[in-house]
Amino acid sequence: MAAGSSSMRILIKGGRVVNDDVTQEADVYIENGLIQQVGRDLMIPGGAKVIDASGKLVIPGGIDSSVHLQQTFMNANTQDDFYSGTKAALLGGSTMVIAHVLPERGASLLDEFEKMRAHADAEACCDYALHVGVTWWGPKVRREMEVLVGERGVNSFQMFLAYRDVLMLKDSELYQAMHSCKEIGAVARVHAENGELVHEGAKEALDLGISGPEGMEISRPEELEAEATHRAITIANRAHCPVYLVNVSSVSAADVIAAARMQGKVVHAETTLAHSALSGMHYYHQDWAHAAAHVIAPPLRLDPNTPDCLMGLLGNDIISVVASDHRAFSTKQKAMGKEDFTKIPHGAAGVEDRMSVIWERGVVAGKMDENRFVAVTSSNAAKIYNLYPRKGRIVPGADADVVVWDPDASRTISASSQVQGGDFNLYEGQRCHGVPLVTISRGRVVCENGVFTCAQGSGRFYPMRSFPDFLYKKMVQREKTQKLRAVDRAPYSGDVAAVTNSIRKESAAPEGDVPMRASTRHTGVRDLHESSFSLSGAQVDDHIPKRSSARILAPPGGRSSGIW
(Lines give C-alpha, C1' and ligand atoms only; values in the text may rest on other atoms or scores of the structure.)
Protein backbone atom coordinates (compact mmCIF):
# COMPACT_ATOMS: atom_id res chain seq x y z
CA MET A 1 0.00 0.00 0.00
CA ALA A 2 1.45 3.35 -1.01
CA ALA A 3 2.30 5.76 1.79
CA GLY A 4 0.25 8.58 0.33
CA SER A 5 -2.89 6.52 -0.03
CA SER A 6 -3.20 5.79 3.69
CA SER A 7 -3.14 9.51 4.59
CA MET A 8 -5.53 10.61 1.82
CA ARG A 9 -8.42 12.76 3.05
CA ILE A 10 -11.79 12.50 1.29
CA LEU A 11 -15.08 14.25 1.99
CA ILE A 12 -18.20 12.87 0.30
CA LYS A 13 -20.81 15.64 0.44
CA GLY A 14 -24.54 15.80 -0.12
CA GLY A 15 -25.33 12.13 -0.61
CA ARG A 16 -27.82 9.74 1.00
CA VAL A 17 -25.94 7.19 3.09
CA VAL A 18 -27.51 3.74 2.74
CA ASN A 19 -26.85 0.95 5.24
CA ASP A 20 -28.70 -2.35 5.46
CA ASP A 21 -31.08 -1.00 8.11
CA VAL A 22 -31.34 2.77 7.56
CA THR A 23 -30.93 5.54 4.98
CA GLN A 24 -29.93 9.06 6.04
CA GLU A 25 -28.83 12.34 4.52
CA ALA A 26 -25.21 12.68 5.61
CA ASP A 27 -21.68 13.56 4.62
CA VAL A 28 -18.85 11.04 5.01
CA TYR A 29 -15.31 12.00 5.96
CA ILE A 30 -12.48 9.52 5.29
CA GLU A 31 -8.88 9.63 6.52
CA ASN A 32 -6.11 7.07 7.05
CA GLY A 33 -8.10 4.37 5.28
CA LEU A 34 -11.01 4.57 7.74
CA ILE A 35 -14.36 6.32 7.93
CA GLN A 36 -13.84 9.00 10.56
CA GLN A 37 -17.16 10.87 10.60
CA VAL A 38 -20.69 10.45 9.27
CA GLY A 39 -23.17 13.32 9.64
CA ARG A 40 -24.06 16.87 8.59
CA ASP A 41 -21.96 20.02 8.95
CA LEU A 42 -18.78 18.07 9.75
CA MET A 43 -15.70 19.81 11.12
CA ILE A 44 -12.80 18.47 9.08
CA PRO A 45 -9.16 19.43 8.40
CA GLY A 46 -8.29 21.27 5.22
CA GLY A 47 -6.86 19.71 2.10
CA ALA A 48 -9.49 17.00 1.68
CA LYS A 49 -10.61 15.83 -1.76
CA VAL A 50 -14.30 16.71 -2.03
CA ILE A 51 -16.66 14.40 -3.94
CA ASP A 52 -20.08 15.83 -4.71
CA ALA A 53 -22.69 13.11 -4.17
CA SER A 54 -25.79 15.29 -4.52
CA GLY A 55 -28.70 13.16 -5.71
CA LYS A 56 -26.60 10.03 -5.35
CA LEU A 57 -26.41 7.16 -2.86
CA VAL A 58 -23.37 6.44 -0.71
CA ILE A 59 -23.25 2.70 -0.05
CA PRO A 60 -20.79 0.20 1.48
CA GLY A 61 -18.55 -1.40 -1.12
CA GLY A 62 -19.86 -4.74 -2.36
CA ILE A 63 -18.47 -8.01 -0.98
CA ASP A 64 -18.47 -10.76 -3.61
CA SER A 65 -18.38 -13.88 -1.45
CA SER A 66 -17.64 -16.41 -4.21
CA VAL A 67 -15.15 -15.88 -7.02
CA HIS A 68 -12.79 -18.32 -8.76
CA LEU A 69 -9.52 -16.65 -9.77
CA GLN A 70 -6.20 -18.19 -10.83
CA GLN A 71 -7.80 -21.63 -10.77
CA THR A 72 -7.72 -24.81 -12.82
CA PHE A 73 -11.11 -26.51 -13.01
CA MET A 74 -12.31 -29.34 -15.26
CA ASN A 75 -9.00 -29.25 -17.18
CA ALA A 76 -9.26 -25.53 -17.96
CA ASN A 77 -7.54 -22.48 -16.47
CA THR A 78 -9.83 -19.59 -15.54
CA GLN A 79 -9.50 -16.49 -17.72
CA ASP A 80 -9.01 -14.18 -14.73
CA ASP A 81 -6.09 -13.97 -12.35
CA PHE A 82 -6.24 -11.87 -9.18
CA TYR A 83 -5.32 -8.67 -11.02
CA SER A 84 -7.95 -8.73 -13.76
CA GLY A 85 -10.56 -10.26 -11.44
CA THR A 86 -10.20 -7.71 -8.65
CA LYS A 87 -9.93 -4.85 -11.16
CA ALA A 88 -13.27 -5.91 -12.65
CA ALA A 89 -14.74 -6.19 -9.15
CA LEU A 90 -13.74 -2.61 -8.28
CA LEU A 91 -15.08 -1.24 -11.56
CA GLY A 92 -18.38 -2.94 -10.78
CA GLY A 93 -18.64 -1.57 -7.24
CA SER A 94 -17.29 -4.51 -5.17
CA THR A 95 -14.40 -3.64 -2.87
CA MET A 96 -13.70 -7.12 -1.48
CA VAL A 97 -13.79 -10.63 -2.93
CA ILE A 98 -13.56 -14.05 -1.30
CA ALA A 99 -11.86 -16.51 -3.65
CA HIS A 100 -11.64 -20.30 -3.58
CA VAL A 101 -8.77 -22.68 -2.94
CA LEU A 102 -9.78 -26.14 -4.20
CA PRO A 103 -7.08 -28.75 -3.46
CA GLU A 104 -7.05 -31.97 -5.44
CA ARG A 105 -7.93 -35.16 -3.56
CA GLY A 106 -5.04 -36.08 -1.29
CA ALA A 107 -3.35 -32.67 -1.60
CA SER A 108 -2.40 -30.56 1.41
CA LEU A 109 -4.89 -27.79 2.24
CA LEU A 110 -2.12 -25.70 3.76
CA ASP A 111 0.19 -25.99 0.76
CA GLU A 112 -2.55 -25.04 -1.69
CA PHE A 113 -3.55 -22.11 0.52
CA GLU A 114 0.01 -20.78 0.57
CA LYS A 115 0.30 -21.09 -3.21
CA MET A 116 -2.88 -19.09 -3.70
CA ARG A 117 -1.73 -16.44 -1.21
CA ALA A 118 1.49 -16.00 -3.20
CA HIS A 119 -0.46 -15.39 -6.43
CA ALA A 120 -3.01 -13.09 -4.84
CA ASP A 121 -0.65 -10.95 -2.76
CA ALA A 122 1.31 -10.04 -5.89
CA GLU A 123 -1.72 -9.24 -8.03
CA ALA A 124 -4.84 -8.25 -6.06
CA CYS A 125 -6.08 -4.67 -6.31
CA CYS A 126 -8.57 -4.86 -3.40
CA ASP A 127 -9.00 -6.67 -0.11
CA TYR A 128 -9.51 -10.39 -0.47
CA ALA A 129 -10.00 -13.50 1.64
CA LEU A 130 -10.00 -17.21 0.86
CA HIS A 131 -12.37 -20.15 1.24
CA VAL A 132 -10.57 -23.51 1.37
CA GLY A 133 -12.19 -26.59 -0.14
CA VAL A 134 -12.42 -29.82 1.84
CA THR A 135 -12.28 -32.23 -1.09
CA TRP A 136 -11.20 -35.33 0.84
CA TRP A 137 -11.16 -36.40 4.45
CA GLY A 138 -8.68 -37.77 6.96
CA PRO A 139 -6.82 -36.85 10.16
CA LYS A 140 -4.42 -34.65 8.17
CA VAL A 141 -7.31 -32.58 6.78
CA ARG A 142 -8.72 -32.10 10.28
CA ARG A 143 -5.37 -30.89 11.60
CA GLU A 144 -4.82 -28.52 8.68
CA MET A 145 -8.30 -27.03 9.11
CA GLU A 146 -7.36 -26.18 12.70
CA VAL A 147 -4.12 -24.52 11.56
CA LEU A 148 -5.87 -22.56 8.80
CA VAL A 149 -8.40 -21.14 11.25
CA GLY A 150 -6.02 -20.62 14.16
CA GLU A 151 -3.00 -19.25 12.29
CA ARG A 152 -3.87 -18.32 8.68
CA GLY A 153 -7.01 -16.17 8.92
CA VAL A 154 -9.39 -18.64 7.23
CA ASN A 155 -12.88 -19.10 8.67
CA SER A 156 -14.78 -20.92 5.92
CA PHE A 157 -14.53 -24.29 4.22
CA GLN A 158 -16.31 -25.42 1.08
CA MET A 159 -17.70 -28.97 0.87
CA PHE A 160 -19.36 -30.70 -2.07
CA LEU A 161 -22.11 -33.28 -2.38
CA ALA A 162 -21.57 -33.15 -6.16
CA TYR A 163 -18.63 -33.83 -8.51
CA ARG A 164 -18.28 -37.54 -7.74
CA ASP A 165 -14.72 -38.89 -7.57
CA VAL A 166 -13.32 -35.35 -7.76
CA LEU A 167 -14.64 -33.07 -5.01
CA MET A 168 -17.54 -34.99 -3.42
CA LEU A 169 -17.55 -36.11 0.20
CA LYS A 170 -19.51 -39.06 1.52
CA ASP A 171 -22.20 -38.30 4.09
CA SER A 172 -20.05 -39.61 6.93
CA GLU A 173 -17.13 -37.46 5.78
CA LEU A 174 -19.36 -34.40 5.50
CA TYR A 175 -20.58 -35.05 9.05
CA GLN A 176 -17.00 -35.20 10.35
CA ALA A 177 -15.99 -32.09 8.40
CA MET A 178 -18.99 -30.18 9.78
CA HIS A 179 -18.21 -31.40 13.28
CA SER A 180 -14.69 -30.01 12.88
CA CYS A 181 -16.07 -26.70 11.57
CA LYS A 182 -18.25 -26.42 14.65
CA GLU A 183 -15.32 -27.13 16.99
CA ILE A 184 -13.09 -24.46 15.40
CA GLY A 185 -15.85 -21.93 14.67
CA ALA A 186 -15.71 -21.99 10.86
CA VAL A 187 -18.42 -21.48 8.26
CA ALA A 188 -19.45 -24.75 6.59
CA ARG A 189 -20.29 -23.97 2.96
CA VAL A 190 -22.01 -26.78 1.04
CA HIS A 191 -22.67 -27.17 -2.68
CA ALA A 192 -25.72 -29.44 -2.59
CA GLU A 193 -26.52 -31.74 -5.49
CA ASN A 194 -26.87 -35.54 -5.37
CA GLY A 195 -23.57 -36.43 -7.00
CA GLU A 196 -24.36 -40.12 -7.47
CA LEU A 197 -27.62 -39.47 -9.30
CA VAL A 198 -26.08 -36.64 -11.31
CA HIS A 199 -23.49 -39.15 -12.52
CA GLU A 200 -26.17 -41.70 -13.44
CA GLY A 201 -28.30 -39.03 -15.13
CA ALA A 202 -25.38 -37.92 -17.27
CA LYS A 203 -24.74 -41.49 -18.41
CA GLU A 204 -28.41 -41.95 -19.30
CA ALA A 205 -28.50 -38.71 -21.29
CA LEU A 206 -25.38 -39.64 -23.25
CA ASP A 207 -26.79 -43.11 -23.94
CA LEU A 208 -29.85 -41.42 -25.43
CA GLY A 209 -27.63 -39.42 -27.75
CA ILE A 210 -27.98 -36.15 -25.81
CA SER A 211 -24.48 -34.70 -25.90
CA GLY A 212 -25.16 -30.93 -26.11
CA PRO A 213 -25.43 -28.37 -23.30
CA GLU A 214 -29.10 -29.26 -22.76
CA GLY A 215 -27.80 -32.47 -21.18
CA MET A 216 -26.62 -30.36 -18.23
CA GLU A 217 -30.17 -29.39 -17.37
CA ILE A 218 -31.61 -32.83 -18.14
CA SER A 219 -29.11 -34.72 -15.95
CA ARG A 220 -29.26 -32.38 -12.95
CA PRO A 221 -32.98 -31.78 -12.24
CA GLU A 222 -33.89 -29.60 -9.29
CA GLU A 223 -35.14 -32.55 -7.23
CA LEU A 224 -31.51 -33.68 -6.94
CA GLU A 225 -30.61 -30.28 -5.53
CA ALA A 226 -33.56 -30.31 -3.13
CA GLU A 227 -32.69 -33.80 -1.86
CA ALA A 228 -29.05 -32.92 -1.26
CA THR A 229 -30.05 -29.63 0.38
CA HIS A 230 -32.26 -31.48 2.84
CA ARG A 231 -29.48 -34.02 3.46
CA ALA A 232 -26.88 -31.30 4.10
CA ILE A 233 -29.19 -29.53 6.56
CA THR A 234 -29.90 -32.82 8.34
CA ILE A 235 -26.21 -33.68 8.63
CA ALA A 236 -25.40 -30.18 9.88
CA ASN A 237 -28.17 -30.40 12.46
CA ARG A 238 -26.79 -33.71 13.76
CA ALA A 239 -23.30 -32.20 13.91
CA HIS A 240 -24.68 -29.09 15.71
CA CYS A 241 -23.05 -26.95 13.05
CA PRO A 242 -24.47 -23.91 11.23
CA VAL A 243 -24.71 -24.60 7.50
CA TYR A 244 -24.40 -22.21 4.56
CA LEU A 245 -25.89 -23.54 1.31
CA VAL A 246 -24.27 -22.09 -1.83
CA ASN A 247 -25.36 -21.77 -5.47
CA VAL A 248 -29.04 -22.21 -4.61
CA SER A 249 -30.66 -22.48 -8.03
CA SER A 250 -34.21 -23.78 -7.65
CA VAL A 251 -37.51 -23.12 -5.92
CA SER A 252 -37.47 -26.72 -4.60
CA ALA A 253 -34.18 -26.20 -2.78
CA ALA A 254 -35.30 -22.79 -1.52
CA ASP A 255 -38.46 -24.37 -0.09
CA VAL A 256 -36.32 -26.84 1.87
CA ILE A 257 -34.21 -23.97 3.21
CA ALA A 258 -37.28 -21.92 4.16
CA ALA A 259 -38.81 -24.88 6.00
CA ALA A 260 -35.58 -25.49 7.93
CA ARG A 261 -35.34 -21.83 8.95
CA MET A 262 -38.96 -21.92 10.11
CA GLN A 263 -38.02 -24.90 12.29
CA GLY A 264 -35.30 -22.82 13.92
CA LYS A 265 -32.31 -24.53 12.31
CA VAL A 266 -29.26 -22.34 11.73
CA VAL A 267 -29.32 -22.32 7.94
CA HIS A 268 -28.23 -19.55 5.58
CA ALA A 269 -28.10 -19.56 1.82
CA GLU A 270 -26.38 -17.90 -1.09
CA THR A 271 -27.57 -17.79 -4.69
CA THR A 272 -25.68 -16.55 -7.70
CA LEU A 273 -26.19 -13.68 -10.08
CA ALA A 274 -26.90 -16.03 -12.99
CA HIS A 275 -29.47 -18.14 -11.16
CA SER A 276 -31.36 -15.06 -9.98
CA ALA A 277 -31.42 -13.42 -13.41
CA LEU A 278 -31.53 -16.12 -16.14
CA SER A 279 -33.55 -19.22 -17.06
CA GLY A 280 -32.45 -22.59 -18.43
CA MET A 281 -34.02 -22.05 -21.83
CA HIS A 282 -30.60 -20.83 -22.96
CA TYR A 283 -29.45 -24.49 -23.00
CA TYR A 284 -31.80 -25.10 -25.93
CA HIS A 285 -30.45 -22.22 -28.04
CA GLN A 286 -29.58 -23.22 -31.62
CA ASP A 287 -26.09 -21.73 -31.28
CA TRP A 288 -23.96 -24.31 -29.43
CA ALA A 289 -21.51 -21.66 -28.15
CA HIS A 290 -24.37 -19.59 -26.70
CA ALA A 291 -25.82 -22.63 -24.94
CA ALA A 292 -22.42 -23.80 -23.65
CA ALA A 293 -21.62 -20.35 -22.24
CA HIS A 294 -24.51 -20.83 -19.79
CA VAL A 295 -23.24 -24.16 -18.43
CA ILE A 296 -22.85 -23.68 -14.70
CA ALA A 297 -23.57 -25.96 -11.73
CA PRO A 298 -26.25 -26.36 -10.62
CA PRO A 299 -27.73 -25.58 -14.03
CA LEU A 300 -30.07 -22.71 -14.75
CA ARG A 301 -33.68 -23.87 -14.33
CA LEU A 302 -36.21 -24.24 -17.14
CA ASP A 303 -39.08 -22.71 -15.17
CA PRO A 304 -39.10 -19.07 -16.33
CA ASN A 305 -40.45 -17.98 -12.92
CA THR A 306 -37.42 -19.28 -11.01
CA PRO A 307 -35.21 -16.15 -11.33
CA ASP A 308 -38.00 -13.87 -10.10
CA CYS A 309 -38.70 -16.27 -7.24
CA LEU A 310 -35.05 -16.35 -6.16
CA MET A 311 -34.88 -12.55 -6.37
CA GLY A 312 -38.00 -12.37 -4.20
CA LEU A 313 -36.43 -14.73 -1.66
CA LEU A 314 -33.37 -12.47 -1.56
CA GLY A 315 -35.70 -9.58 -0.86
CA ASN A 316 -37.47 -11.46 1.93
CA ASP A 317 -34.40 -12.83 3.75
CA ILE A 318 -34.92 -16.52 2.94
CA ILE A 319 -31.73 -16.29 0.90
CA SER A 320 -29.12 -14.07 2.55
CA VAL A 321 -26.47 -13.35 -0.09
CA VAL A 322 -26.05 -13.08 -3.86
CA ALA A 323 -22.56 -13.78 -5.21
CA SER A 324 -21.26 -13.77 -8.77
CA ASP A 325 -19.60 -17.22 -8.46
CA HIS A 326 -17.33 -15.73 -11.10
CA ARG A 327 -15.43 -18.41 -13.06
CA ALA A 328 -14.69 -17.12 -16.56
CA PHE A 329 -13.87 -19.44 -19.47
CA SER A 330 -13.53 -18.72 -23.18
CA THR A 331 -15.68 -20.29 -25.89
CA LYS A 332 -12.61 -22.21 -26.99
CA GLN A 333 -12.31 -23.75 -23.53
CA LYS A 334 -16.01 -24.56 -23.39
CA ALA A 335 -15.58 -26.35 -26.73
CA MET A 336 -13.62 -29.11 -24.98
CA GLY A 337 -17.08 -30.55 -24.41
CA LYS A 338 -18.47 -30.04 -27.93
CA GLU A 339 -19.25 -33.77 -28.20
CA ASP A 340 -19.89 -34.50 -24.51
CA PHE A 341 -21.62 -31.98 -22.23
CA THR A 342 -19.95 -33.50 -19.15
CA LYS A 343 -16.63 -32.10 -20.40
CA ILE A 344 -17.82 -28.49 -20.76
CA PRO A 345 -16.10 -26.51 -17.95
CA HIS A 346 -18.66 -25.19 -15.47
CA GLY A 347 -18.59 -21.44 -14.95
CA ALA A 348 -19.43 -17.97 -16.21
CA ALA A 349 -18.20 -14.42 -15.66
CA GLY A 350 -20.12 -11.98 -13.46
CA VAL A 351 -17.95 -10.19 -10.90
CA GLU A 352 -18.10 -6.93 -12.88
CA ASP A 353 -21.86 -6.96 -13.45
CA ARG A 354 -23.20 -8.30 -10.15
CA MET A 355 -24.10 -5.01 -8.50
CA SER A 356 -25.78 -3.40 -11.52
CA VAL A 357 -27.79 -6.48 -12.51
CA ILE A 358 -29.08 -6.98 -8.96
CA TRP A 359 -30.04 -3.30 -8.76
CA GLU A 360 -31.98 -3.58 -12.03
CA ARG A 361 -33.62 -6.96 -11.32
CA GLY A 362 -34.09 -6.35 -7.62
CA VAL A 363 -34.58 -2.68 -6.77
CA VAL A 364 -35.88 -1.29 -10.07
CA ALA A 365 -38.20 -4.30 -10.41
CA GLY A 366 -39.59 -3.74 -6.91
CA LYS A 367 -38.29 -6.99 -5.38
CA MET A 368 -36.23 -5.21 -2.72
CA ASP A 369 -35.47 -1.72 -1.44
CA GLU A 370 -32.10 0.02 -1.36
CA ASN A 371 -31.38 -1.18 2.18
CA ARG A 372 -31.99 -4.81 1.27
CA PHE A 373 -29.78 -4.32 -1.79
CA VAL A 374 -26.94 -3.32 0.53
CA ALA A 375 -27.70 -6.33 2.74
CA VAL A 376 -27.56 -9.00 0.00
CA THR A 377 -24.57 -7.50 -1.85
CA SER A 378 -22.43 -6.52 1.16
CA SER A 379 -23.66 -6.43 4.77
CA ASN A 380 -24.91 -10.00 5.14
CA ALA A 381 -21.69 -11.44 3.74
CA ALA A 382 -19.77 -9.23 6.18
CA LYS A 383 -21.85 -10.58 9.08
CA ILE A 384 -21.60 -14.23 8.02
CA TYR A 385 -17.82 -14.11 7.60
CA ASN A 386 -17.21 -12.05 10.75
CA LEU A 387 -16.12 -8.89 8.92
CA TYR A 388 -18.95 -6.67 10.21
CA PRO A 389 -18.97 -3.76 11.01
CA ARG A 390 -15.44 -3.18 9.68
CA LYS A 391 -16.87 -4.14 6.31
CA GLY A 392 -20.42 -3.84 5.00
CA ARG A 393 -21.39 -0.68 6.89
CA ILE A 394 -20.78 3.07 6.66
CA VAL A 395 -20.06 4.03 10.24
CA PRO A 396 -17.15 5.76 12.03
CA GLY A 397 -14.30 3.30 12.54
CA ALA A 398 -15.17 1.09 9.58
CA ASP A 399 -12.82 0.48 6.66
CA ALA A 400 -13.26 3.16 4.03
CA ASP A 401 -14.72 0.82 1.39
CA VAL A 402 -17.34 3.13 -0.09
CA VAL A 403 -19.16 3.49 -3.41
CA VAL A 404 -20.93 6.57 -4.72
CA TRP A 405 -23.84 4.96 -6.56
CA ASP A 406 -25.99 6.66 -9.19
CA PRO A 407 -29.40 4.94 -9.10
CA ASP A 408 -30.65 6.72 -12.21
CA ALA A 409 -27.69 6.35 -14.55
CA SER A 410 -27.68 3.33 -16.84
CA ARG A 411 -25.23 1.27 -18.83
CA THR A 412 -25.51 -1.45 -21.46
CA ILE A 413 -23.61 -4.64 -20.68
CA SER A 414 -21.38 -6.05 -23.40
CA ALA A 415 -18.52 -8.52 -23.64
CA SER A 416 -16.75 -6.09 -25.98
CA SER A 417 -16.33 -3.51 -23.23
CA GLN A 418 -15.92 -5.69 -20.13
CA VAL A 419 -12.74 -5.86 -18.09
CA GLN A 420 -13.45 -9.30 -16.63
CA GLY A 421 -12.19 -12.34 -18.54
CA GLY A 422 -14.01 -14.39 -21.14
CA ASP A 423 -15.34 -13.61 -24.59
CA PHE A 424 -19.03 -14.00 -23.75
CA ASN A 425 -21.30 -12.14 -21.34
CA LEU A 426 -24.48 -13.83 -20.11
CA TYR A 427 -26.18 -10.41 -19.84
CA GLU A 428 -25.14 -9.17 -23.28
CA GLY A 429 -27.18 -6.17 -24.41
CA GLN A 430 -29.06 -5.73 -21.13
CA ARG A 431 -29.51 -2.13 -20.07
CA CYS A 432 -29.09 -1.76 -16.31
CA HIS A 433 -29.81 1.19 -14.07
CA GLY A 434 -27.48 1.66 -11.14
CA VAL A 435 -23.88 2.61 -11.89
CA PRO A 436 -20.89 3.08 -9.54
CA LEU A 437 -19.53 6.58 -10.16
CA VAL A 438 -16.73 6.49 -7.58
CA THR A 439 -15.25 3.45 -5.84
CA ILE A 440 -13.11 3.95 -2.75
CA SER A 441 -11.10 1.04 -1.39
CA ARG A 442 -9.47 1.43 2.05
CA GLY A 443 -9.50 5.20 1.67
CA ARG A 444 -8.12 5.28 -1.89
CA VAL A 445 -10.09 6.44 -4.90
CA VAL A 446 -9.53 3.49 -7.24
CA CYS A 447 -12.25 4.14 -9.84
CA GLU A 448 -13.81 7.43 -10.81
CA ASN A 449 -16.18 7.88 -13.75
CA GLY A 450 -14.94 4.65 -15.32
CA VAL A 451 -11.23 5.50 -14.96
CA PHE A 452 -9.23 2.88 -13.04
CA THR A 453 -6.33 4.21 -10.94
CA CYS A 454 -5.28 1.29 -8.75
CA ALA A 455 -1.89 -0.42 -8.88
CA GLN A 456 -1.48 -4.16 -9.26
CA GLY A 457 -0.67 -5.82 -5.93
CA SER A 458 -2.01 -2.94 -3.83
CA GLY A 459 -4.72 -5.16 -2.31
CA ARG A 460 -4.23 -7.15 0.86
CA PHE A 461 -5.28 -10.43 2.41
CA TYR A 462 -7.98 -9.81 4.99
CA PRO A 463 -7.98 -12.39 7.83
CA MET A 464 -11.44 -13.55 8.91
CA ARG A 465 -12.05 -14.33 12.57
CA SER A 466 -13.68 -17.57 13.70
CA PHE A 467 -17.04 -18.00 15.47
CA PRO A 468 -19.08 -15.29 13.73
CA ASP A 469 -21.96 -14.28 16.02
CA PHE A 470 -24.35 -14.15 13.05
CA LEU A 471 -24.07 -17.94 12.80
CA TYR A 472 -22.86 -19.22 16.14
CA LYS A 473 -24.63 -17.07 18.73
CA LYS A 474 -27.92 -18.93 18.32
CA MET A 475 -26.14 -22.29 18.15
CA VAL A 476 -24.22 -21.70 21.39
CA GLN A 477 -27.38 -20.65 23.22
CA ARG A 478 -29.26 -23.66 21.88
CA GLU A 479 -26.61 -26.04 23.15
CA LYS A 480 -26.92 -24.52 26.61
CA THR A 481 -30.68 -25.03 26.75
CA GLN A 482 -30.96 -28.27 24.77
CA LYS A 483 -27.96 -30.17 26.05
CA LEU A 484 -28.51 -33.93 26.07
CA ARG A 485 -28.48 -35.45 29.55
CA ALA A 486 -28.61 -39.00 30.81
CA VAL A 487 -31.50 -40.03 33.06
CA ASP A 488 -30.52 -39.88 36.74
CA ARG A 489 -31.68 -43.24 38.09
CA ALA A 490 -30.61 -45.89 40.59
CA PRO A 491 -28.43 -48.59 39.02
CA TYR A 492 -30.04 -51.92 38.14
CA SER A 493 -29.35 -54.47 40.86
CA GLY A 494 -31.20 -57.54 39.59
CA ASP A 495 -29.97 -60.69 37.91
CA VAL A 496 -28.30 -60.58 34.51
CA ALA A 497 -28.64 -63.43 32.05
CA ALA A 498 -25.48 -65.22 31.04
CA VAL A 499 -24.34 -64.75 27.48
CA THR A 500 -24.59 -68.00 25.53
CA ASN A 501 -22.11 -68.61 22.78
CA SER A 502 -23.96 -71.43 21.01
CA ILE A 503 -27.47 -71.29 19.62
CA ARG A 504 -29.28 -74.35 18.33
CA LYS A 505 -29.50 -74.01 14.58
CA GLU A 506 -32.88 -75.63 14.38
CA SER A 507 -34.39 -73.05 16.72
CA ALA A 508 -33.01 -69.98 14.99
CA ALA A 509 -34.22 -68.68 11.65
CA PRO A 510 -31.58 -67.25 9.32
CA GLU A 511 -31.17 -63.47 9.66
CA GLY A 512 -33.57 -61.62 7.44
CA ASP A 513 -35.76 -64.66 6.76
CA VAL A 514 -39.48 -64.38 7.31
CA PRO A 515 -40.86 -67.28 9.43
CA MET A 516 -43.11 -69.57 7.38
CA ARG A 517 -46.66 -70.04 8.61
CA ALA A 518 -47.63 -73.54 9.76
CA SER A 519 -48.81 -75.95 7.08
CA THR A 520 -52.55 -76.58 6.96
CA ARG A 521 -52.52 -79.19 4.21
CA HIS A 522 -55.18 -81.91 4.56
CA THR A 523 -54.20 -85.51 3.87
CA GLY A 524 -55.04 -86.78 0.42
CA VAL A 525 -56.39 -83.48 -0.93
CA ARG A 526 -54.57 -80.93 -3.04
CA ASP A 527 -54.25 -77.50 -1.41
CA LEU A 528 -53.70 -74.93 -4.16
CA HIS A 529 -52.26 -72.40 -1.65
CA GLU A 530 -49.72 -74.66 0.06
CA SER A 531 -48.59 -77.35 -2.39
CA SER A 532 -45.95 -77.24 -5.07
CA PHE A 533 -47.86 -79.55 -7.41
CA SER A 534 -47.40 -79.65 -11.14
CA LEU A 535 -50.26 -78.75 -13.44
CA SER A 536 -49.27 -81.39 -16.03
CA GLY A 537 -48.94 -85.18 -15.90
CA ALA A 538 -50.07 -87.54 -13.15
CA GLN A 539 -51.20 -86.04 -9.83
CA VAL A 540 -50.86 -87.49 -6.34
CA ASP A 541 -54.64 -87.75 -5.78
CA ASP A 542 -55.55 -89.34 -9.11
CA HIS A 543 -56.57 -92.60 -7.29
CA ILE A 544 -59.45 -90.84 -5.48
CA PRO A 545 -62.75 -91.16 -7.39
CA LYS A 546 -63.92 -87.83 -8.79
CA ARG A 547 -67.38 -86.76 -7.67
CA SER A 548 -69.72 -85.39 -10.30
CA SER A 549 -70.83 -81.81 -9.84
CA ALA A 550 -73.93 -81.18 -7.70
CA ARG A 551 -76.29 -78.25 -7.84
CA ILE A 552 -76.80 -76.59 -4.46
CA LEU A 553 -80.41 -75.55 -4.08
CA ALA A 554 -80.16 -73.98 -0.66
CA PRO A 555 -76.60 -72.96 0.09
CA PRO A 556 -75.62 -71.87 3.60
CA GLY A 557 -76.63 -68.27 4.21
CA GLY A 558 -79.67 -68.45 1.97
CA ARG A 559 -80.43 -68.53 -1.73
CA SER A 560 -78.80 -65.96 -3.95
CA SER A 561 -81.32 -64.19 -6.14
CA GLY A 562 -79.41 -61.08 -7.17
CA ILE A 563 -77.73 -60.22 -10.40
CA TRP A 564 -75.43 -63.16 -10.02
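This tour moves through selected strands, a helix and aromatic rings of the structure above.

The model is predicted, so local features need pLDDT of at least 70 and side-chain atom pairs count only at pLDDT 80 or more, while totals for chains, interfaces and linings use all residues. Residues are numbered from 1 along each chain as its sequence is written, and side-chain values use heavy atoms, with hydrogens and water left out.

**Stop one: strand β19**

Select residues 431-441, which form strand β19. Helices (H or I, at least four residues) and strands (E, at least two) are DSSP runs, numbered from the N terminus. Of the 11 residues in β19, 8 are buried; buried means under 20% relative accessible area, exposed over 50%, and partly exposed in between (1.4 Å probe, protein chains only).

Two strands pair if DSSP finds at least two bridges between them. Within this pairing, S410 has H433 of β19 as its bridge partner.

Then display strand β20 (residues 444-448), which runs antiparallel to β19 and is joined to it by 4 bridges. Here T439 is bridged to C447 of β20. The hairpin of β19 and β20 has 2 residues between the strands, and R442 takes a positive phi near 50°.

Now select S441, which lies in β19. S441 counts as buried because its relative accessibility is 0%. Leaving aside neighbours within four places in sequence, S441 is in contact (heavy atoms within 4.5 Å) with L90, T95, C126, A400, D401 and V446.

**Stop two: helix α11**

Move to G315 in helix α11 (residues 306-315). With 22% relative accessibility, G315 counts as partly exposed. Not counting residues up to four places away in sequence, G315 touches K367, M368 and R372.

**Stop three: aromatic rings**

Rings of Phe, Tyr and Trp (its six-membered ring) pair if their centres lie within 6.5 Å; planes under 30 degrees apart count as stacked, over 60 as edge-to-face and the rest as tilted. By this rule there are 10 aromatic pairs. Select Y128 and F461: their ring centres are 5.5 Å apart and their planes are at 65°, so the pair is edge-to-face. Y128 lies in strand β12 (residues 127-133) and F461 in the loop between β21 (451-452) and α15 (469-481), 333 residues apart.

Finally, select K383 and Y388. The charged end of K383 sits over the ring of Y388, 5.0 Å from its centre; this requires NZ of Lys or CZ of Arg within 6 Å of the ring centre and within 35 degrees of the ring normal.
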